[in-house]
Amino acid sequence: MLVMILSKTPLWVFALFALLIWLGVCQLSVRWVSIHRVWLTPIVFIVWGLSGLVLRNTGSMAALLPWLAAAIVGTLIGLSRRNTLEIDRARSRVMRPGSALPLLRNVVVFSAHYVLNVAAAFHPGQHSIMQADMAVSGLFAGYFVGWLSRFSQHYFATGVVEGGSSETGPRAGESLAH
């Protein structure tokens with residue numbers, strides 16, 4: 001049965017999984033990354049979340065509610081995250097702390113979507129499965145909208161000082177583990 005499921009999985013799903021694994025593995029070690037690179041993972045999740053809304057929305061408000069409610073919760077969680085990290089605005093880069101949490105998050109979110117979509121394929125009449133998938137899409141799209149808002153606020157509020165580093169750096173024990 002597993003072979004059948006995998007053989008029916010579109011190739012783009014494997015490519016997305018590989019991208020999410022690569023993005024997570026890249027975040028295992030401390031390193032400087034360009035400001036554009038910081039936006040990559042959030043953009044992937046926001047686009048994926050919005051595509052879940054577009055592909056699953058039947059046009060009724062009842063179908064939209066799980067996505068919208070989860071997106072609001074996700075946005076609030078993302079806005080509550082502390083985005084205190086070392087910023088080098090002169091070079092448009094950010095010091096990203098090493099963490100396994102982004103890799104774990106990527107695998108968990110991908111797995112949730114994959115399992116829910118496989119379940120929907122086996123039980124096409126059960127709307128609760130697709131509502132759960134829409135909620136997962138909304139939660140993480142919202143989370144990254146909130147996270148990017150906080151990050152952007154912090155990034156653009158940080159002044160550039162001589163030598164190219166930011167006026168504020170990370171405090172002991174604080175990290176950006178999105």
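**Helix packing in a predicted model**

Of the protein's 178 residues, 41% count as buried (under 20% relative accessible area, with exposed meaning over 50% and partly exposed in between, using a 1.4 Å probe and protein chains only). The structure is a predicted model, so local features need pLDDT of at least 70 and side-chain atom pairs count only at pLDDT 80 or more, while totals for chains, interfaces and linings use all residues. Residues are numbered from 1 along each chain as its sequence is written, and side-chain values use heavy atoms, with hydrogens and water left out.

Six helices and three strands make up the count of elements, taken as DSSP runs numbered from the N terminus (H or I of at least four residues for helices, E of at least two for strands). Read from the N terminus, the order is α-α-β-α-α-β-β-α-α.

Next come the helix pairs. Axes here are lines fitted to C-alpha atoms, for helices over the stretch in contact, and angles run from 0 to 180 degrees between N-to-C directions. Helix 2 (residues 11-26) packs against helix 5 (residues 101-122) at about 160°, their axes 7 Å apart. The crossing is right-handed, which means that the near helix is turned clockwise from the far one by less than a right angle, anticlockwise being left-handed. Helix 2 brings Val13, Phe17, Leu20, Ile21, Leu23, Gly24 and Val25 to this contact, and helix 5 brings Pro102, Leu103, Asn106, Val107, Phe110 and Tyr114. By class, that is eleven nonpolar, two polar and no charged residues (Ala, Val, Leu, Ile, Met, Phe, Trp, Tyr, Cys and Pro count as nonpolar, Asp, Glu, Lys and Arg as charged, and the others, Gly among them, as polar).

Helix 2 also meets helix 3: their axes come within 11 Å and cross at roughly 145°, and this crossing is left-handed. On the helix 2 side sit Leu16, Leu19, Leu20, Trp22, Leu23 and Cys26, facing Arg37, Leu40, Thr41, Val44, Phe45 and Trp48 of helix 3. The tally is ten nonpolar, one polar and one charged.

Helix 3 (residues 35-56) in turn packs with helix 5 at about 15°, with the axes 13 Å apart. That makes this pair roughly parallel, and the crossing is left-handed. Thr41, Phe45, Trp48 and Arg56 of helix 3 touch Arg105, Asn106, Val109, Phe110, His113 and Asn117 of helix 5. Here the contact has four nonpolar, four polar and two charged residues.

Gly49 is part of helix 3 and, at 2% relative accessibility, counts as buried. Setting aside neighbours within four places in sequence, Gly49 contacts Trp67, Ser137 and Ala141. Its C-alpha lies 9.0 Å from that of Ala71, 22 residues away in sequence. Ser92, in the loop between strand 2 (87-88) and strand 3 (93-96), has a positive phi of about 50° despite not being a glycine. At 32% relative accessibility, Ser92 counts as partly exposed.

Conventions
Angles under 35 degrees count as roughly parallel, over 145 as roughly antiparallel, 65 to 115 as roughly perpendicular and the rest as oblique. Contact means heavy atoms within 4.5 Å.
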